[in-house]
Each structure stands twice: as C-alpha cells, then as structure tokens.
Amino acid sequence: MAAAVAMETDDAGNRLRFQLELEFVQCLANPNYLNFLAQRGYFKDKAFVNYLKYLLYWKEPEYAKYLKYPQCLHMLELLQYEHFRKELVNAQCAKFIDEQQILHWQHYSRKRMRLQQALAEQQQQNSAAGK
C-alpha cells in the first residue's frame, strides 16, 4: 500500500515538473523575458546556466512535440553561449530579436499561404483532368 502511494506521489511530482519545465522553456521564446533575466543577473549564475544546459533535452522529438513555440528551442540553444547571454542585458538586443521573430512569422505566413494556394490549384487541375 505504501509503495502505491509513493508511486502516485512520484507520478504527480513528475507531471508537475514536466509542466513547469515546459512552461519555462517556452518562456525562453520571449526576448523581453530573456532581457529581464539578463538584467537581473540570472545568466551569471553558474547553477542557472547549468539548468539551461539540462533543459536541452526538450530538443528531443518526444518532448519537442509538446511545445507551442518552437522558436524557444533556438533561443535555448543560443543561451548555451556566454556571449549571447551577455548581449541580452542590452534592451536593443532583445528588441532586435523580437523584430526578427516578427519578420520570420510574417514571411512564413505568406509563404505557407502561397504553398496552400498552389496545392489547391494543383488539386483542382488534377480533378478536372480526371473527369
């Protein structure tokens, strides 16, 4: 009986840890949050930097599939470099990253829409040729 209770507690703890780490990793997609962390000295703390290294397991497909903001993985990768962490203290750096993300999303949206239109046209042509 005690083993079953311990197992349930362990499962609940693992589930909570998963949720907390998922939320934190996704916060890394926000350049303003990274700037906040940098200005408060978190990136100078060796334990915090080691934690960022530990979080690289989120790049594995079995974990990455839960991410809503995949750009957080790119930021997590960049945070492994001391130079990048130091630059994030500068608000202009965070603003530049933010602008680049917006430009990427705009380009991606337009490109995806063009691809979908081309696919729809091709499907129409194929169905017209099949009749």
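Predicted model: local features only at pLDDT ≥ 70, side-chain atom pairs only at ≥ 80, totals over all residues.

Q: What share of the residues counts as buried?
A: Of the 131 residues of the protein, 25% do.

Q: How many helices and strands are there?
A: There are seven helices and zero strands. Read from the N terminus, the order is α-α-α-α-α-α-α.

Q: How much of the contacts in the protein comes from residues 24 or more positions apart?
A: Counting contacts with a separation of 6 or more, such residues account for 70%.

Q: OK, the core. Which residues have the most contacts inside the largest nonpolar one?
A: That core has 24 residues, and the ones with the most contacts inside it are Phe 43, Leu 52, Leu 55, Trp 58, Leu 79 and Leu 88. Two or more residues each come from helix 1 (2-27), helix 2, helix 3 (46-54), helix 5 (71-78) and helix 7 (91-130).

Q: Which helix gives the most?
A: Helix 5, with four residues. As a general point, nonpolar side chains in soluble globular proteins tend to be buried together.

Q: Is Trp 58 buried or exposed?
A: Trp 58 is buried, because its relative accessibility is 0% and the cut-off for buried is under 20%.

Q: What does Trp 58 touch?
A: Leaving out residues up to four places away in sequence, Trp 58 touches Phe 18, Glu 21, Leu 22, Val 25, Tyr 63, Ala 64, Leu 67 and Leu 73.

Q: Switching to rings. How many aromatic pairs does a search of the whole structure find?
A: It finds 13. One of them joins Tyr 57 and Tyr 63: the ring centres are 4.8 Å apart and the planes stand at 80 degrees, so this pair is edge-to-face.

Q: And why is the pair of Trp 58 and Tyr 63 edge-to-face?
A: The planes of Trp 58 and Tyr 63 are at 65 degrees, with the ring centres 5.7 Å apart, and planes over 60 degrees apart count as edge-to-face. Tyr 63 itself is partly exposed, at 26% relative accessibility.

Q: Now helix 2. Which of its residues are buried?
A: Helix 2 covers residues 31-39, and its buried residues are Pro 31, Leu 34, Asn 35, Leu 37 and Ala 38. They span an arc of only 160 degrees around the axis, so they sit on the same side of helix 2.

Q: What is Asn 35 in contact with?
A: Not counting residues up to four places away in sequence, Asn 35 touches Leu 88, Val 89, Asn 90, Ala 91 and Ala 94. A polar atom of the Asn 35 side chain lies 2.7 Å from the backbone oxygen of Leu 88. The relative accessible area of Asn 35 is 10%, so Asn 35 is buried.

Q: What is at the start of helix 2, and what comes just after?
A: At the start, a side-chain oxygen of Asn 30 comes to within 2.8 Å of the backbone nitrogen of Asn 32. Just after helix 2, Gly 41 has a positive phi of about 85 degrees.

Q: Last one: which residues of helix 3 are buried?
A: Phe 48, Val 49 and Leu 52. Their arc is only 100 degrees around the axis, so they are on the same side of helix 3. The face turned away from that buried side carries the exposed residues Lys 46, Ala 47 and Lys 53. At the start of helix 3, a side-chain oxygen of Asp 45 reaches to within 3.0 Å of the backbone nitrogen of Ala 47.

Conventions:
Residues numbered from 1 in each chain as written. Heavy atoms only, no water. Phe/Tyr/Trp six-rings, centres within 6.5 Å; stacked < 30°, edge-to-face > 60°. Buried < 20%, exposed > 50% of the residue type's maximum accessible area, 1.4 Å probe, protein only. Contact = heavy atoms within 4.5 Å. Arc of directions from axis to C-beta. Polar contact = N/O pair within 3.5 Å; in protein donor to acceptor, adjacent residues only side chain to side chain. Core = buried A, V, L, I, M, F, W, Y, C linked by side-chain atoms within 4.5 Å.
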